[in-house]
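Welcome, and please open your viewer. We will walk from stop to stop, selecting a few pieces at a time.

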Amino acid sequence: MKKLRTEVAVVGGGPAGLSAAAEAARAGAKVLLIDENKRLGGQLVKQIHKFFGSEAHHAGVRGYQIARRLLRDVEDAGVTVASNALAYGLFPEKELGVVWDGKHCQVSAERIVLAAGAKENYLAFPGSTLPGVMGAGAAQTMANINRVLPGRRIVMLGSGNVGLIVSYQLMQAGADVVAVVEGADHIGGYGVHAAKLRRAGVPFYLSHTVKRASGDGALARVEIVQVGKNWQSIPGTELTLEADTLCLAAGLNPMTELAWMAGCAFLYLPAFGGHVPAHDAKMETTVPGVYVAGDITGVEEASTAMEEGRMAGLSAAESLGYGAGAALDAERAAIQRRLDDLRAGERGAIRRESKARQTAAAADQRQGGGAT
Amino acid sequence: MRITDHPILGPAEAGREITIFYNGAPVPAVEGEPIAAALMNAGVRSFRRTAKRDEPRGIFCAIGRCTDCMMIVNGKPNVRTCITGAADGMRVETQYGYGGRKEQA
């Protein structure tokens, strides 16, 4: 069995992991970046819309172009990249079990940054397993990466940013979006994304959910129903839509398996998608030397993931003796300011509060005498 | 249906055109694309059938996580076709139950 040693091992090559790897390597650390896919970039590679925010967050640049920039940064910084490498376990003494190009290998690292991302939530209803019912991310992968249209008549369940963006992208790819169905009484995502669909005449069914999906061997019809105040369906309000594809955009949950294995303390934060590891402002968990960044710390956006990645990469490198003093402090303060900006305003209130609880939990845990 | 031209991404990259075999029938594919993409383009929706209720399953996650797209590829069962590249002459079969062919289900 192949054994590898590195100073910093980063698990996950999405926006958080790429940013962490580049920063740690730039600071002088020897970095190994591990990603299960053949192509790095995480979900950025299928984002064909322009990002917003400030210049620091690549405003006006499309997601897949941001991925290219981050990949160039990683190469320029001298990071060793292991793609097609699945990190399946994190064992004591910071040893990662990895299957790299089909062969088992053991990676020993002095510091570990976990940036595994998130996965889509599933919804169960009669017919939810029929071919043609799929994650919104699956439809996006098929259309934008594999360049194959997953269907011609689409119903989107969920009006968060994923639901809105994927709906529009499927239209750009040539499909009809028959309806966007949303359980809440308001659209979940940004107005600018919703407006594109509204202008194109896509009907929104608010306070509605899917009652059943049906078809002979594959999806042909989606029955939706209105829901009342307590999320109970209202009999007599059913409506049947003809569709060959039903996309589920019901949120994401953090992929925390490796953080659990490492023994990190966790807390439950619904706004972040479930159980998330406690971490301090430097992104270190309650297990010394194990850092987290991006959606694994709570589902937010790619912009947040990049900033958290930078923070984790700089901090991991610092703890190994790379970089110190006023310059590093100033850089971290700038990152923190940008993170605060991303969680500013009314929309960010719940995430601000959740992040505060997450860092407080890490502090409590340390005072209380280490990890559970 | 292939998205040959795209308003943002432009024309699709031209790859080598190959043929794979779905339950014995020839299906056009592009070398290296996921098997599932070639099948979806050909109109295939059901990829495998479940063990207990013999229900159809199709593409669900498309990133190798959910296992709904597992098929028998060149005789090997439980291959995730959404992340396995197509190669010329590949034999792809509907998988029944935990990895068998229909007669074994």
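Before the first stop, a word on angles: axes are lines fitted to C-alpha atoms, for helices over the stretch in contact, and angles run from 0 to 180 degrees between N-to-C directions. Helices (H or I, at least four residues) and strands (E, at least two) are DSSP runs, numbered from the N terminus.

This is a predicted model, in which local features need pLDDT of at least 70 and side-chain atom pairs count only at pLDDT 80 or more, while totals for chains, interfaces and linings use all residues. Residues are numbered from 1 along each chain as its sequence is written, chains are lettered from A and ligands numbered from 1 in the order in which they are written, and side-chain values use heavy atoms, with hydrogens and water left out.

**Stop one: H4(A) and H5(A)**

Select helix H4 (residues 161-172) of chain A and helix H5 (residues 191-199) of chain A. Their axes come within 9 Å and cross at roughly 40°. That makes H4(A) oblique to H5(A); angles under 35 degrees count as roughly parallel, over 145 as roughly antiparallel, 65 to 115 as roughly perpendicular and the rest as oblique. The crossing of H4(A) past H5(A) is left-handed, a term used if the near helix is turned anticlockwise from the far one by less than a right angle, with right-handed used if clockwise.

Now show side chains. Residues of H4(A) that meet H5(A) include Leu164(A), Ile165(A) and Tyr168(A), and among their partners in H5(A) are His193(A) and Leu197(A). Contact here means heavy atoms within 4.5 Å.

**Stop two: H3(A) and H4(A)**

H3(A) passes H4(A) in a left-handed crossing. On the H3(A) side, look for Ala139(A) and Ala143(A), among others; on the H4(A) side, Val162(A) and Val166(A) are among the residues in the contact. By class, this contact has seven nonpolar, three polar and no charged residues. Ala, Val, Leu, Ile, Met, Phe, Trp, Tyr, Cys and Pro count as nonpolar, Asp, Glu, Lys and Arg as charged, and the others, Gly among them, as polar.

**Stop three: H1(A) and H7(A)**

Next, pick helix H1 (residues 15-27) and helix H7 (residues 302-319), both of chain A. Their axes come within 7 Å and cross at roughly 30°, so H1(A) is roughly parallel to H7(A). H1(A) passes H7(A) in a right-handed crossing. The contact includes Ala20(A) and Ala24(A) of H1(A), and Gly309(A) and Gly313(A) of H7(A).

Zoom in on Ala24(A): is this residue buried or exposed? At 1% relative accessibility, Ala24(A) counts as buried (under 20% relative accessible area, with exposed over 50% and partly exposed in between, using a 1.4 Å probe and protein chains only). Leaving aside neighbours within four places in sequence, Ala24(A) is in contact with Ala29(A), Val31(A), Gly313(A) and Ala317(A).

**Last stop: a sheet**

Finally, select strands S12, S13 and S14 of chain A, which form an open, antiparallel sheet in that order. The edge strands, each pairing on one side only, are S12 (208-214) and S14 (239-242). The twist averages 30° from one strand to the next. S13 (residues 221-226) pairs with S14(A) over four bridges; strands pair if DSSP finds at least two bridges between them.
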